[in-house]
Amino acid sequence: MSFWICATCAVEHAERTDVCAICADERQWVPADGQRWTTLTELADDGCRTSLVELEPDLWGVSSRPGVGIGQQSKLVRTSAGCLLFDPIGFLDGAGVEGILDVGPVVAIVASHPHMYGVQVEWSRALGGVPVLVAEKDREWVARPDPVVQTWSDDVEILPGVTLTQPGGHFPGSTVAHWAQGADGRGVLLSGDTIYANPDRSSVSFMRSFPNRLPLSGAVVERIATSLERFEFDRLYGNFDNVIPERAREIVRWSANRHIGWARGDFDSLT
Ligand SMILES: [Zn+2]
Ligand SMILES: [Zn+2]
């Protein structure tokens, strides 16, 4: 076995360490009974399987059942020039690889932030050695270095109409992907958990840590919301199956204002 998978976050590691650095960080957590490592073989033997589901034309969700680690749903965006695999999961099998290649050739693999690295290098190998793009500001978190890993910064139009940008917040390099052709041409944002699509489907949240409930300042939330105003988008997909189906651009602005108001104390009378 050439690499290990942290059972809690599902990020691949070249070496087993005493504790996974991503989980030991204040934004994640280590289980009470200690660090546990697993492997692709062990996960497959335990019955783990991948599946693809079409979310809308030219967009698929890729997940595993049972979920591995944080249990995200990867997004596969198809364009005429190839596909982007966003937020790769921490498991893969032959059926998942075939299912993705049936959609189209993958041009790049990009995680929104280190919690979503999954088995990104392994996915690259299975999909033909495609580049794995890692935000320069977060490169220290890559635990399985490999020549396929390339760093990037600022904005990158990775495919025609698919732009990667780094509003930051959750991690300094926290990334979203804007897909102009999505939602019937009204635009889609793949937001990772840089912007979290809430269960009410009509608001979003901005946090430094979701599991440990660490807030971001109003200034940072303003920066994130402002940085995305140059994009047109009507729909926003989070990194699970959470989605804001429509009016997402307006909802991001409204939710940012709500967050800033709460952080400033505007609503203290309600507490
Ligand atoms: Zn971990
Ligand atoms: Zn995260």
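Predicted model: local features only at pLDDT ≥ 70, side-chain atom pairs only at ≥ 80, totals over all residues.

Modeller: Residues are numbered from 1 along each chain as its sequence is written, chains are lettered from A and ligands numbered from 1 in the order in which they are written, and side-chain values use heavy atoms, with hydrogens and water left out.

Colleague: Why is threonine 79 called buried?

Modeller: Buried means under 20% relative accessible area, exposed over 50%, and partly exposed in between, with a 1.4 Å probe and protein chains only. Threonine 79 has a relative accessible area of 14%, and is therefore buried. Its place is in strand β6, residues 74-79; strands (E, at least two residues) and helices (H or I, at least four) are DSSP runs, numbered from the N terminus.

Colleague: Which residues does threonine 79 touch?

Modeller: Not counting residues up to four places away in sequence, threonine 79 touches Leu159, Pro160 and Val162. Contact here means heavy atoms within 4.5 Å.

Colleague: Why is aspartate 87 called buried?

Modeller: The relative accessibility of aspartate 87 is 2%, so this residue counts as buried. Aspartate 87 lies in the loop between β7 (82-86) and α3 (94-103), and has a positive phi of about 60° although it is not a glycine.

Colleague: What makes alanine 183 a buried residue?

Modeller: Alanine 183 has a relative accessible area of 1%, and so it is buried. This alanine lies in helix α5, residues 182-185, and its phi is positive, about 50°, although it is not a glycine.

Colleague: What span does helix α7 reach from its first C-alpha to its last?

Modeller: Helix α7, residues 248-264, has 17 residues and reaches 24 Å, close to the 24 Å expected at 1.5 Å a residue. The expected span is 1.5 Å times one less than the number of residues.

Colleague: Which residues of α7 are buried, and what do they pack against?

Modeller: The buried residues of α7 are Ala248, Ile251, Val252, Ser255, Ala256, His259, Ile260 and Gly261. They pack against β16 (204-205), α6 (218-227), β19 (235-238) and β20 (243-244). An α-helix has 3.6 residues a turn, so residues three or four places apart point the same way. After α7 comes glycine 265, with a positive phi near 100°.
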